[in-house]
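I opened the model today to look up two things.

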Amino acid sequence: MKPVRTLIVDDSASMRATLKRMLSADPEIEVVGMAPEPFAARDMIKALNPDVLTLDVEMPGMDGLSFLERIMRLRPMPVVMCSTLTARGAEVTIEALRLGAVDYVTKPSGSPDDIERDAGLLCEKVKSAARSVARAGPQRLPAQPSVASAGGGGAAAQLIAIGSSTGGVEALFSLLPALPEDSPPILIVQHMPATFTRSFAQRLNAECRVNVVEATDGAQVTPGTVYIAPGGERHMELQGGANGRIKLIPGNPVTGHRPSVDVLFRSVSKLGAGAVGVILTGMGSDGAQGLLEMRRAGARTLGQTKETCVVWGMPRAAKEAGAVEKEVGLSAMPEAILKACRETVKVGSA
C-alpha cells in the first residue's frame, strides 16, 4: 500500500515539528507538507493533493472551523482535528465533527513517554481517516411524527440503546433531531473524552425535540430523554428495567474503551424484546458482542450500512458476529428505529 500522504496545518512551528516527528515514525504515513495557516494550506492542498489533513482548531487569520467548513463544502477530504482538552477546545472540536471532520486527537504534551503513546493513537487515526468516507456535514433528516400519532401507543415503555465512535458525532447530529419528543428513552455511548461529553450533550440538546443530557449516576430513565454516557473512568449500565435507572460503574476498559458500548448493550439485553439496539459508524469492534446478546434475548437490532458510515468498523464487526438483524442507511435510521420500537411492543404484548 502507498503511504498516507498527510498535510499538517498548525500555527505553532514547534507543534508542526512535533506532529511531523510523530507521524514520520510510521512507515505507512508520509508528511508531504506543513502549513502555518489556512491560506497557505489552501494552496498546498491544491499542489500536493494530500490524503489526510491534520488541522489545528484555533488559528489566526481564518480559524480552523471556518477553514474546515470551506474544505467540506468545496473539496471534501478526511480531516483529523488537533484539539486541547479544555471546555473551549471541546466545543470547537464537537462543531468540527458536526461539520464533517472524521476524527480528532488531543495535542501532544507531557513526557516523552506520553508523546510516544499519543503518537501511536495519532498515526492510527490518520490511517483510519484515509480509509474513511469524507462527508460535507450532517444530513438534515425529515422529522418523524410523534410515537402516539404513528401508532403503537405502548412504545413509550420501551428503550433504545445506541453505540457509535468515529463519525458518530456527525451521525448523531443527523439522527437525533429527527426523533419525536415522545420517543422512548435513549441511552448512548459515543467514544469521546470526559471533557467533551457534556458539551456534546448540550450542543445536541439545542437542536433536538428530545431532551439530551449527559448521564448521571442514579438518574431514572424517562421517555423523551437521551442520555449520553460521560467519558472517563466509568461504564454506563441500565439497571431495573425500561423504567429503571442509570448506573455509572468503575471498571477496566472493555474492547479498549471506557465507557464501552458492549457494557451498555449487555445491560440492556436484560429487557429482551423490550429494547432496540443500534450500532452506528465507528472504528473497531466495540458493541458487537453486546448487540449479539441483545438480539439473542429478543431485541430488534439495527446496523448502519457501509455506504453511509464514515468508518464501517463497529457495524461490520456486529454484522459478522450475527448481531445485526437489519442494515439501514443513516437517512432511513430514525424511521427504522421507531418502526422497530412499535414492532417490539407488539412482540412484547403478544
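My notes on both topics follow.

**Ground rules**

I am working with a predicted model, where local features need pLDDT of at least 70, side-chain atom pairs count only at pLDDT 80 or more, and totals for chains, interfaces and linings use all residues. I number residues from 1 along each chain as its sequence is written, and side-chain values use heavy atoms, with hydrogens and water left out.

**Entry 1: helix H3**

I took helices (H or I, at least four residues) and strands (E, at least two) as DSSP runs, numbered from the N terminus. For exposure I used relative accessible area: buried is under 20%, exposed is over 50%, and partly exposed is in between (1.4 Å probe, protein chains only).

Which residues of H3 are buried? In H3, residues 64-74, I found Gly 64, Leu 65, Phe 67, Leu 68, Ile 71 and Met 72. They sit on the same side of H3, because they cover an arc of only 160 degrees around the axis. That arc is taken from the directions from the helix axis to the C-beta atoms.

I then checked the face turned away from the buried side. Arg 73 and Leu 74 are exposed there.

What covers the buried residues of H3? I looked for contact, meaning heavy atoms within 4.5 Å. The cover includes helix H2 (38-48), strand E3 (52-56), strand E4 (79-83) and helix H4 (87-99).

**Entry 2: salt bridges**

I counted a salt bridge when a side-chain nitrogen of Lys or Arg is within 4 Å of a carboxyl oxygen of Asp or Glu. How many salt bridges does this rule give? The count is 18.

I looked up Asp 103 and Lys 125 among them. Their side chains meet at 3.4 Å, N to O. Asp 103 is in strand E5 (residues 103-106) and Lys 125 is in helix H5 (residues 112-130), so the pair ties together parts 22 residues apart in sequence. Asp 103 is buried at 7%. Lys 125 is buried too, at 14%.

Next I took Lys 247 and Asp 217, a salt bridge at 3.9 Å, N to O. Lys 247 lies in strand E11 (residues 245-250), and Asp 217 lies in the loop between strand E8 (211-214) and strand E9 (225-228), 30 residues apart. Lys 247 is partly exposed at 32%. Asp 217 is partly exposed at 38%.

Arg 258 and Glu 233 form a salt bridge at 3.0 Å, N to O. Are these residues buried or exposed? Arg 258 is partly exposed at 25%, whereas Glu 233 is exposed at 55%.

Last, I noted a network of salt bridges that links Glu 95, Arg 98, Arg 203 and Glu 207.
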